[in-house]
Amino acid sequence: MKFLTLIAIVALVWLVGLFAFADRVRNLTPADEPGRADAIVALTGPSAERVNVAVRLLEQGKGRRLLISGVNREVRRQELRALTPGSNRLFNCCVDLGFEAEDTSGNAREIAAWAETKGYDSLIVVTSDYHMPRSLVEIRAAAPGVTLTPYAVSTPSLDDSRWWRAAVTARRMTLEYMKYLAALTRAGVHRLTADDAAATDSDAAATEASPA
């Protein structure tokens with residue numbers, strides 16, 4: 001009986017968390033006007049809208065450069081340029097393409113490496129609303145010293161407060177919630193591991209510094 005009660009409590013907590021997550025996603029748009037950052041990063045997705053929004057922010061001077069992360073290796077620069085608004089000059093001078101990332105964790109590593117190489121300390125992150133919470137967790141874990149400003153792109157099908165009534169939107173929100181929980185778990189484990197390693201190194205240094 002106690003086991004069944006525990007299962008029921010866990011299920012209830014999970015369900016409450018899902019609806020809290022969905023409410024957070026829906027409140028990410030319309031996005032507030034971001035302040036200026038060192039640069040902008042866009043995580044590619046099923047449509048070109050994320051990239052289009054990021055290019056507009058670049059045109060508005062919200063960042064010095066733009067990284068489009070997770071570009072398909074078969075897509076050429078001129079093909080991507082043809083799908084986006086803005087001037088050729090700006091795209092040619094100030095847009096970098098990342099071809100290494102195949103998932104959100106890969107996006108985070110690609111973004112972190114790019115920001116470190118360029119010496120950037122603040123980024124505007126552009127991705128879809130449902131994808132934003134997980135993206136921020138992954139990028140913060142990969143680049144803990146970088147300040148992130150989210151700029152979410154709306155997913156019209158998720159704007160309905162009764163998203164859970166339609167199988168397609170319910171599945172998308174639930175799947176993303178599960179991925180978000182997994183990302184939080186990985187980030188927590190990584191943080192604990194890093195803290196333990198730092199503590200071990202500190203103890204070792206103190207031991208070496210102690211007189212014999």
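**Reading a disulfide, a pocket and a buried helix**

Modeller: Let's start with the sulfurs: Cys93 and Cys94 form a disulfide, with their sulfur atoms 2.3 Å apart. This is a predicted model, where local features need pLDDT of at least 70, side-chain atom pairs count only at pLDDT 80 or more, and totals for chains, interfaces and linings use all residues. Residues are numbered from 1 along each chain as its sequence is written, and side-chain values use heavy atoms, with hydrogens and water left out.

Colleague: How many disulfides does the structure hold?

Modeller: In general, a disulfide is a covalent bond between the sulfur atoms of two cysteines. The cut-off used is a pair of cysteine sulfur atoms within 2.5 Å. The structure holds 1.

Colleague: Is the disulfide of Cys93 and Cys94 left-handed or right-handed, and why?

Modeller: Left-handed, because the torsion about the S-S bond is about -70°.

Colleague: And are Cys93 and Cys94 buried or exposed?

Modeller: Buried means under 20% relative accessible area, exposed means over 50%, and partly exposed is in between (1.4 Å probe, protein chains only). Cys93 is partly exposed at 34%, while Cys94 counts as buried at 14%.

Colleague: Now the largest pocket. How much space lies in it?

Modeller: A pocket is an open set of points on a 1 Å grid over the protein atoms alone, where a 1.4 Å probe fits, with protein on both sides within 12 Å along at least five of seven lines; lining residues have an atom within 4 Å of a point. The volume is the space filled by probe spheres set on the points, which are joined across faces, edges and corners. Here that comes to about 380 Å³.

Colleague: Which residues lie nearest its centre?

Modeller: Of the 20 lining residues, Thr44, Thr104, His131, Arg134 and Lys179 do. Helix 5 (104-118) and helix 7 (167-209) are the elements giving two or more residues to that lining, and helix 7 gives the most, with 6. Helices here are DSSP runs (H or I, at least four residues), numbered from the N terminus.

Colleague: How many residues of helix 6 are buried?

Modeller: In helix 6 (residues 132-142), 8 of 11 are buried. Among them are Arg134, Glu138 and Ile139.
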